[in-house]
Amino acid sequence: MKKDLEKIFDDVVVNYKEGNISRRDFVKFLTISGASMGLLGGPFGLVQNALAGKKSITLHSWGGSTSEALRQFAFDPFTKAVGVKVIDAAFTGMAAFLTQVKASYPPGGEFNIAHLSAVYDYARYTDLGFGVKLDESKIPNLKNVMSKMTNTLKAISNGTLSAVPYDLGQTGIAYNTDKISKEKAEELGASLLYDKSLKGKLGSWGGDHITNMWYAALHTGQDPNNITDEKAVWAALKEQRGMIKKYWASGSELMSLLGNSDIYATVAWSGRVGLLQKEGHPIGYLAPKGTYSWMEYMYVLKGTDLDLAQKLLNFMLEPEAIKAVSIGMGYPPSLDPTKVAMPDEIKKLPAFDPTGTLEGYKFADPVYWNAHQIDWAEKWDRIMAGK
Amino acid sequence: MKDKSWKPWVLLSPSLTAIFFLLVIPICFVIVYSFWLRAPSGADIPAFQFGNYAKFFDDFFYPSILLSTLRVAFETVILCLVFGYIPAYFFYKTRSRFKPFLMLLVMLPFWISFIIRTLSWINILGDSGLINHLLLKFHVISSPLAMLYNEGAVIMGLLQYLLPFMILNIYVSLDGIDKSLTEAAKSLGCTEWQAFKEVTLPLSLPGVSAGCLLVFVLTCGTYLPPMILGGPGNEMIANLIFKRIIGTLDWPFGSAISVLLMVLLMVIVYTYNRYMGINQIFKTLSNES
Amino acid sequence: MIRLFTLLVYVWMFTPIIAVIILSFNPQQFGSFPMEGFSFKWFVKLSHNSTILDAFKNSLVLGSCTAVLSTAFGVPAAMAFIRYEFRGKQFLNTLLIAPIMIPEVVLGVALLLFIRWLQQPKSFALLLIGHVVLTLPYVLLIVQARLVGIKKEYEEAALSLGANPFQTFKEITFPLLAPAIFAGMLFSFTISFDDVTATLFWATAQNQTVPVKIFGMLRNSVSPEINALGTVMIILTVSTPFLAGYLSRRFASGK
């Protein structure tokens, strides 16, 4: 019975997308099928669950508005269609999550899908053997995703995907437009973060060395993915440390430091700047040449039911779902704007690329950064501690 | 109660079982890990070498973090003692009918998430926090004082976290003191202060020392106040462990630092047990009475 | 003097907490002084967050179970240490209070390594026993400190009058020990209720607790929402110790 309904549902979705059914009828169908599922899920559902072993799939994401949008636009329709519950869990941080995955048994077994950041983390998860091979034909919505993004990931995992790109972000520079003029900011670029007149009013992200080294490399005129003069980078960071008021440790801390004018300039996650601007704070966003760009993707971990995961990913890539999530987070979606029309709200987001080619977006080279990870992380700790 | 040597073991067996499986064995895993190597990807390679320990003592950086942790812990203990003893003594003395209420108030902070309590200091000490706001408003200062992100702020956070532990420990021990003892001392001509010094204070020492130990040890193991209220130079040893284990996924090195910290704390607790041990105090008490 | 000083300690302890409550009504994005208006905006936002409510339930269940189990384990152990002489006593006493000496990060990962080696998935039972181990030292320390003050002679008298050991415990030791047991329970509840680090590692996605959620929110939400959550927790939890206090007084007077 449930299987049949599932099939009907799939047919209806296909019809809806091909334009055979109006949105109104589609919504009506959703409601009816939801209600019938609800009836089925009552007394029969209990038995079914008991027989089949309660099925669920877990997705770790950022919580808050991200999770609300996902629930409304992707999880609930998915549960209605497939009858499998989505447990949305929030992780507490990228690094902590990797630790949890590494320490779990069976490897990755307790975890299914995770909303991860940065290409070098994709490489880490894949190198540690947590990856899977997704069947792209089962995720038709993947065709709307910017090909530059999928190709970047494929290059790491031997031509197959273990994740679908979901959104795009940058770590650019945020500055207080009341205190720093736009002209000055644009003229200085990355060197704004090293401007002596801002002593005691600068901030930086204390969580990783990559962001800090990246901008130090730009400041000293080097390619961040191929630092030739490492000494100059460390010297710049050492000098900068004396001018930093606070190395922030979280997105909310970044926002409150900027919003309260505790600091005037800092490296900043583009989505957070977008949220601040939406609130009407006098915060400008600067993306100098070579700005540190990254992507977020939905990584499927080893041990997950791939059929189920692929179905869920397809729901999550539905344009309506991904747009809503994108607005909630403040990061532009991974969808190619030349293929899918974007609302103004998304077009205004920092890091949005209208061309869909990501020309000039510089991502961290995973091989380069992962090779030096421990060594540089420890050096960075010493710089930060002022020793 | 003679010849029943099996009895304490029966009483101890649930705790010992739990501790053995959830503490002793896991800690052995940590010790084993501290000799391993870490691959660049973050995987661990079984090995037996002392490189992780050698790295810790390579230069002064890591030991200096350990030393500053001990200094902060010591300062916190002293402050907790001063700010904790007096309220505890007040509870012991008072006959107010509000006493249960006041006691509950001491417990209250426990009920509020530690993170929230730590964050709350930002509202007080920050550039636009309560103190700066008031001082600016009454023109005492012209620009905000920088009170956050230094060692003082970290100690504030620690103090708020740990003070209830100290107060309760001292109070429990004070509460066990027979009040007639001080009365007797006073009837023999002692002043209030002398009675306190000669009778109450010595008898409250088990609680004081237990409280001090607790505060010291907890300070050494905490990482949230330095993370939230401290500046980059105020990191403590637990932050370092957190960073190595979670941040860089360097479990072997993180394990090695953990082992060093555990050894250090064990020496301290062992010394405490040896010279101020609960058992020791019990003996002196029973001998005197 | 003492009274004034105590009052100051109270003021110092509660100012930040009161600031949290006041600021949670601040409609501004970044709750700071001065207040600009009064609104329930952040509470409304919070009420849409169903995961927090689930987490709250998890926290309460976990905390209560931990409190009961931890005292059930801890009180007999404390009796053993104070009332009996046996070999290795010092060592075992140190061993049992060891969990507080070990940073939770280490304990968290250590237990996970072990569980992975056993090839067992994580579960609520693991989380619970883990919390019992974390809180056991506090129960032990508190109960021991109190037990030292209870003279052995009382128990011996009861025994010589023909009471069996259980009756002795029930009629003599337990009533005298009750404040410490109660304090121990409250302590273990609150420690379990408040624990971030270890829970972070041990909890499965289904039994996340409130502090872990807040730890995550630090990264993902804005501070007034955390203030609002703090306020809700304060209001909801304040009633609990007061209720407990009331029950304990009834209990004490009913002996």
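# Close-up views of a predicted three-chain model

Of the 255 residues of chain C, 60% count as buried, where buried means under 20% relative accessible area, exposed means over 50%, and partly exposed lies in between (1.4 Å probe, protein chains only). This is a predicted model, in which local features need pLDDT of at least 70 and side-chain atom pairs count only at pLDDT 80 or more, while totals for chains, interfaces and linings use all residues. Residues are numbered from 1 along each chain as its sequence is written, chains are lettered from A and ligands numbered from 1 in the order in which they are written, and side-chain values use heavy atoms, with hydrogens and water left out.

**View 1. Chain C is built from helices.** Chain C has 11 helices and 0 strands. Helices (H or I, at least four residues) and strands (E, at least two) are DSSP runs, numbered from the N terminus. Along the sequence, the pattern reads α-α-α-α-α-α-α-α-α-α-α. Contact means heavy atoms within 4.5 Å. Among contacts in chain C between residues at least 6 apart in sequence, 71% join residues at least 24 apart.

**View 2. Helix α5 of chain C is mostly covered.** This helix runs over residues 104-118. How many of the 15 residues of α5(C) are buried? The count is 11. Among them are C:Val105, C:Leu107, C:Gly108 and C:Phe114. The buried set also includes C:Ala110, C:Leu113 and C:Ile115. Just after α5(C), C:Gln119 takes a positive phi of about 60°.

**View 3. Two helices of chain B pack together.** Two packed helices are described by the angle between their axes and the distance between the axes. Helix α3 (residues 61-93) of chain B packs with helix α9 (residues 192-221) of chain B at an angle of about 140°, and their axes are 9 Å apart. That makes α3(B) oblique to α9(B). Axes are lines fitted to C-alpha atoms, for helices over the stretch in contact, and angles run from 0 to 180 degrees between N-to-C directions. Angles under 35 degrees count as roughly parallel, over 145 as roughly antiparallel, 65 to 115 as roughly perpendicular, and the rest as oblique. By class, the contact of α3(B) with α9(B) has 17 nonpolar, 5 polar and 2 charged residues. Ala, Val, Leu, Ile, Met, Phe, Trp, Tyr, Cys and Pro count as nonpolar, Asp, Glu, Lys and Arg as charged, and the others, Gly among them, as polar. Chain B has 13 helices and 2 strands. Buried residues make up 58% of its 289 residues.

**View 4. Two residues other than glycine have a positive phi.** Most residues other than glycine have a negative phi. A:Ala351 is not a glycine, yet its phi is positive, at about 80°. A:Ala351 sits in the loop between α15 (344-347) and β10 (362-363) of chain A. B:His139 also has a positive phi, near 55°. B:His139 lies in the loop between α6 (130-137) and α7 (151-175) of chain B. Is A:Ala351 buried or exposed? A:Ala351 is buried, with a relative accessible area of 7%. B:His139 is exposed, with a relative accessible area of 70%.

**View 5. A:Tyr175 is a buried strand residue.** A:Tyr175 belongs to strand β4 (residues 163-176) of chain A. At 3% relative accessibility, A:Tyr175 counts as buried. Leaving aside neighbours within four places in sequence, its contacts include A:Ile180, A:Leu192, A:Tyr264, A:Pro282 and A:Leu286. The C-alpha atoms of A:Tyr175 and A:Ser261 are separated by 9.8 Å, and these residues are 86 residues apart along the chain.

**View 6. Two buried aspartates sit in chain A.** A:Asp262 is in the loop between α11 (251-259) and β7 (265-269) of chain A. A:Asp262 is buried, with a relative accessible area of 10%. Which residues does A:Asp262 touch, not counting residues up to four places away in sequence? They are A:Gly200, A:Lys201, A:Lys245, A:Leu257 and B:Asp127. The C-alpha atoms of A:Asp262 and A:Lys245, 17 residues apart along the chain, are separated by 8.3 Å. A:Asp121 is found in helix α6 (residues 119-127) of chain A. At 6% relative accessibility, A:Asp121 counts as buried. Not counting residues up to four places away in sequence, A:Asp121 touches A:Met94 and A:Tyr297.

Definitions and conventions:
Expected span 1.5 Å × (residues − 1).
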